[in-house]
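Hi,

Here is the structure I said I would pass on. Have a look first, and my notes follow below.

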Amino acid sequence: MTNDAKVKLMTDRLAEFIAYTAKKLPDDVIGKLRELQAQETDPLPKVIYETMFRNQELAVQWDRPSCQDTGALQFWVRAGAHFPLLDDLADLLREAVIKATQEAPLRHNAVETFDEYNTGKNVGKGVPTIFWDIVPRSDRCEIYTYMSGGGCSLPGHAKVLMPGEGYEGVVRFVMDQMTTYGLNACPPLLVGIGIGTSVETAALNSKKALMRPIGSHNDNANAAKLERLLEDGINNIGLGPQGMGGKHCVMGVNIENTARHPSVIGVAVNVGCWSHRRGHIIFDKDINYTVTTHTGVALSC
Amino acid sequence: MLKMENGRKILVTPIAADDLQDIHIGDIIYLDGDLTTCRDVAHRRVVEEGRGMPVDVRHKAILHAGPIIRTNDDGSYEMVSVGPTTSMRMEKFEYGFVKKTGVRLIAGKGGMKGNTERACREFGCIFCVFPAGNAVVAAASVEKIVEAQ
């Protein structure tokens, strides 16, 4: 295949996958929602879950975005250093978003700042967001796709604490944010927490935390313990699904951590809503693909 | 008008203040009639700029929403996906909005605070939530899009 043919194939496949993720939730999210549904006993949370599952069925049946806020598109790209399309990746990701927007259809969610106009194409300056990791000695390209909507983005917060505040300070920061904003972000939520050396490293970690499967735990025993404690703590706020009261308002808490300067501890909280439209697709050098987040994806191109 | 049908409370636009008397926190209610989507810019326009809206929502209902709409070949519109947006963004304008427009029902997502509560008490209005992210269920209930601006 020529380079141009590969670029076209990858663009088309990505566009179709992005549109797909707007309509069908990842397996782990559906599994967790069913688990949480089974544990609710009051009538109002039960009605909410029934509505959610009916909605997801209709979205697939009618081939429509399950939530009207199809978000600002974000990609975390783990590109192999020897992946053949490195030169073209940024442009093709953008083209894939434009194409998916027309075909799905997705909502136009790119507003240029300062000039304050909607671009009408769902792309703009720096949107789609692309986070890059280069993977040495690899010719594959792994892409996490994400629809970052208004609801889940609003509670995002990052701060640098003094180490004297300790991990208790981290807990207080997370709980304050969740009690104030959790309700508006469409619970049950996936809570991503980043710990790092500065405001932006903590924030990036918190986003990467949201890309991890629900039910996964941090490798570090202390971090994993904090994940479980926070999950219990936030559930005990009692918001329930959609804030209508109930046993669980959290699908999970994922912490991603990197080392810190001795004098600071950076913490960030980032959430995914119940309609956590995260995808994970891996392309090899011939643009064959594997999807890990959704079973049964068969792209037409 | 408020009607009871198969044990369901159904508000039908136009809605009188009295229709809201027997609705309580935790009730599930249904809406029939006219609904207008209205979020950030529409609220600012009415409250901060003192301008009217192209649609009269007096005694009717609004939905805090930014839907996905498709234009058909004959120029008519199809509701693809519509769900509520975060209502808290409209909280600072909601008292002024209800006072000026006379809207009776505001549907949204998440909670509201003191301004909206005051407006509801003073002017006869209720705030309800539609389960968020259920935009196809909601689209299925839209009979017709009368106009889109």
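Let me start with A:Gln74, which is buried, at a relative accessible area of 13%; the cut-off for that label is under 20%. Bear in mind that this is a predicted model. A:Gln74 lies in strand 1 of chain A, which covers residues 72-80. The side chain of A:Gln74 makes a polar contact of 3.1 Å with that of A:Thr129. Beyond its neighbours within four places in sequence, A:Gln74 is in contact with A:Thr129, A:Tyr144, A:Thr145, A:Tyr146, A:Ser148 and A:Lys207.

Now the domains. Chain A splits into domain 1 (3-24 + 66-149 + 277-291) and domain 2 (152-272), and their centres, taken over C-alpha atoms, are 26 Å apart. Between domain 1 and domain 2 of chain A, about 880 Å² is buried, with carbon and sulfur atoms giving 57% of that. On the domain 1 side, A:Trp76, A:Tyr146 and A:Arg278 supply 54% of the area buried against domain 2, more than any other three residues.

As for polar links, six residue pairs are in polar contact between domain 1 and domain 2 of chain A. Strand 1, strand 4 (129-135) and strand 5 (141-148) of chain A each give two or more residues to the domain 1 side that touches domain 2, and strand 5 gives the most, with three residues. One salt bridge turns up across this interface.

Cheers

Methods. Residues are numbered from 1 along each chain as its sequence is written. Chains are lettered from A and ligands numbered from 1 in the order in which they are written. This is a predicted model: local features need pLDDT of at least 70, side-chain atom pairs count only at pLDDT 80 or more; totals for chains, interfaces and linings use all residues. Side-chain values use heavy atoms; hydrogens and water are left out. Helices (H or I, at least four residues) and strands (E, at least two) are DSSP runs, numbered from the N terminus. Buried means under 20% relative accessible area, exposed over 50%, partly exposed in between (1.4 Å probe, protein chains only). A polar contact is a pair of N or O atoms within 3.5 Å; within protein, one must be able to donate a hydrogen and the other to accept it, and residues adjacent in sequence count only if both atoms are side-chain atoms. Contact means heavy atoms within 4.5 Å. Domain bounds come from an automatic or database domain assignment. Buried area is the accessible area (1.4 Å probe) that two parts lose on being put together, summed over both. A salt bridge is a side-chain nitrogen of Lys or Arg within 4 Å of a carboxyl oxygen of Asp or Glu.
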